[in-house]
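Hello,

Here is the structure I promised to pass on to you.

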2 protein chains.
Amino acid sequence: MPQGQPTAVPQDGLTTRQRRNRPLVIVHTGDMKGKSTAAFGLALRGWNQGWNIGVFQFVKSAKWRVGEEGAFKALGRLHEQTGEGGPVEWHKMGEGWSWSRKKGSEDDHAAAAAEGWREIAARIADQRHGLYVLDEFTYPIHWGWVDVTEVVEVLTNRPGHQHVVITGRHAHPALIEAADLVMETAKVKHPMDAGQKGQRGIEW
Amino acid sequence: MPQGQPTAVPQDGLTTRQRRNRPLVIVHTGDMKGKSTAAFGLALRGWNQGWNIGVFQFVKSAKWRVGEEGAFKALGRLHEQTGEGGPVEWHKMGEGWSWSRKKGSEDDHAAAAAEGWREIAARIADQRHGLYVLDEFTYPIHWGWVDVTEVVEVLTNRPGHQHVVITGRHAHPALIEAADLVMETAKVKHPMDAGQKGQRGIEW
């Protein structure tokens with residue numbers, strides 16, 4: 001809530017305004033859908049603020065999030081044409097990262113994930129984006145393809161004013177510890193329980 | 001997941017395709033933020049499918065969701081100009097509903113909420129939208145301003161192919177019973193616990 005009141009005021013030497021505008025590391029985890037969806041909803045608000053949005057999808061299927069991709073690319077074009085909102089970059093691992101020449105890298109997911117993280121760390125050092133969406137990034141960490149200690153170090157020491165949202169199940173405890181905000185989704189009821197498969201516009 | 005497998009196949013006389021494309025009633029509830037954000041993320045996918053998106057905000061503050069509103073109105077204009085995606089209508093109770101002449105109605109929230117619901121029921125009968133986002137609609141139901149039995153009846157018997165997403169805390173049990181998909185958000189960690197207030201681009 002915009003007018004929400006903090007439950008405690010910390011002794012960190014910051015003014016309310018400084019504390020308020022501190023950039024955040026956000027984790028959306030849990031077993032139910034809604035984690036990535038909420039991250040893209042958040043990115044909508046960032047776009048509207050004119051932030052430079054960088055999306056990095058650590059997923060295999062090119063079909064994944066094609067709806068959000070279509071809408072965000074449309075918003076990015078709108079920014080280029082009219083100056084409205086902010087620029088949008090959308091990168092996915094599935095087809096090989098767009099900046100990479102090793103198009104065969106999709107055969108080696110561990111190497112591709114590590115390469116994705118190196119690029120993100122370099123962009124964070126360069127302060128390239130106002131908001132990073134690292135979609136499904138918990139998995140390469142969970143599987144040991146990317147070192148969580150390094151991720152936490154880069155996130156904790158990132159310069160300037162860069163927000164980072166990480167989504168996926170099995171968020172590493174060190175990542176949760178490092179995050180400012182952690183949201184967990186839980187399933188109450190799902191149509192697949194009633195024998196209904198996923199459908200266009202709803203699931204992708 | 002697009003390739004998710006249902007856990008059971010019901011004896012409902014429908015083919016898999018018919019069952020798959022059945023329109024959904026979705027509820028996002030729970031105590032943590034992310035409910036509305038995930039609903040707007042879902043609406044992004046719907047927009048990309050070319051669906052007619054109708055957003056109805058049952059909230060008081062005009063500041064609420066201003067980021068999503070800006071982005072969706074931009075997508076709506078893009079549709080008008082280029083035909084890309086679908087049309088977008090965004091209505092909010094806070095300033096008095098746009099279709100209403102009773103601009104003083106914000107003094108009587110119960111009456112304004114009931115009026116909003118009547119309009120939505122009429123649009124559902126007319127099959128006006130492909131996706132309805134009824135943001136924070138659980139509250140007027142919770143407070144008894146809108147009759148849950150009538151809501152469930154209208155939703156259950158709605159014609160055609162209309163998806164409905166309802167967000168907010170304290171979702172009525174009858175609403176959860178009627179829904180096809182219910183997602184609950186839970187707080188693991190929030191910056192307000194550490195004395196940080198909400199900030200632009202993140203909270204609104």
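Below is what turned up, starting with the conventions and then going from the sheet to the aromatic rings and the helices.

This is a predicted model, in which local features need pLDDT of at least 70 and side-chain atom pairs count only at pLDDT 80 or more, while totals for chains, interfaces and linings use all residues. Residues are numbered from 1 along each chain as its sequence is written, chains are lettered from A and ligands numbered from 1 in the order in which they are written, and side-chain values use heavy atoms, with hydrogens and water left out.

The sheet

Helices (H or I, at least four residues) and strands (E, at least two) are DSSP runs, numbered from the N terminus. Two strands pair if DSSP finds at least two bridges between them. On that basis there is an open sheet of 12 strands with mixed pairing, in the order β3(A)-β2(A)-β4(A)-β5(A)-β1(A)-β6(A)-β6(B)-β1(B)-β5(B)-β4(B)-β2(B)-β3(B). Its edge strands are β3 of chain A and β3 (88-92) of chain B, each pairing on one side only. From one strand to the next, the twist averages 15 degrees; axes here are lines fitted to C-alpha atoms (for helices over the stretch in contact), with angles from 0 to 180 degrees between N-to-C directions.

Strand β2(A) is worth a look. Five of the five residues of this strand (residues 53-57) are buried, so it is largely enclosed by the rest of the structure. Buried means under 20% relative accessible area, exposed over 50%, and partly exposed in between (1.4 Å probe, protein chains only). In a regular strand the side chains alternate between the two faces of the sheet. Here A:Ile53, A:Val55 and A:Gln57 are on one side, with A:Gly54 and A:Phe56 on the other. β2(A) runs parallel to β3(A) (residues 88-92), joined by five bridges, and A:Gly54 stands opposite A:Glu89. With β4(A) (residues 131-135), β2(A) also pairs in the parallel sense over five bridges; there A:Gln57 has A:Asp135 as its bridge partner.

Aromatic rings

Rings of Phe, Tyr and Trp (its six-membered ring) pair if their centres lie within 6.5 Å; planes under 30 degrees apart count as stacked, over 60 as edge-to-face and the rest as tilted. Over all chains, the structure holds 22 aromatic pairs. One of them is the stacked pair of A:Trp97 and A:Trp99, at 4.9 Å centre to centre and 10 degrees between the planes. A:Trp97 is buried at 0% relative accessible area, whereas A:Trp99 is partly exposed at 25%.

The helices

Within chain B, the axes of α2(B) (residues 35-48) and α3(B) (residues 66-82) come within 12 Å and cross at roughly 10 degrees. That makes the two roughly parallel (under 35 degrees; over 145 is roughly antiparallel, 65 to 115 roughly perpendicular and the rest oblique).

Between the chains, the axes of α3(A) and α2(B) come within 8 Å and cross at roughly 80 degrees, so α3(A) is roughly perpendicular to α2(B). Contact means heavy atoms within 4.5 Å. Residues that meet here include A:Phe72 and A:Ala74 in α3(A), and B:Leu44 and B:Trp47 in α2(B). This contact has six nonpolar, four polar and two charged residues; Ala, Val, Leu, Ile, Met, Phe, Trp, Tyr, Cys and Pro count as nonpolar, Asp, Glu, Lys and Arg as charged, and the others, Gly among them, as polar.

Best wishes
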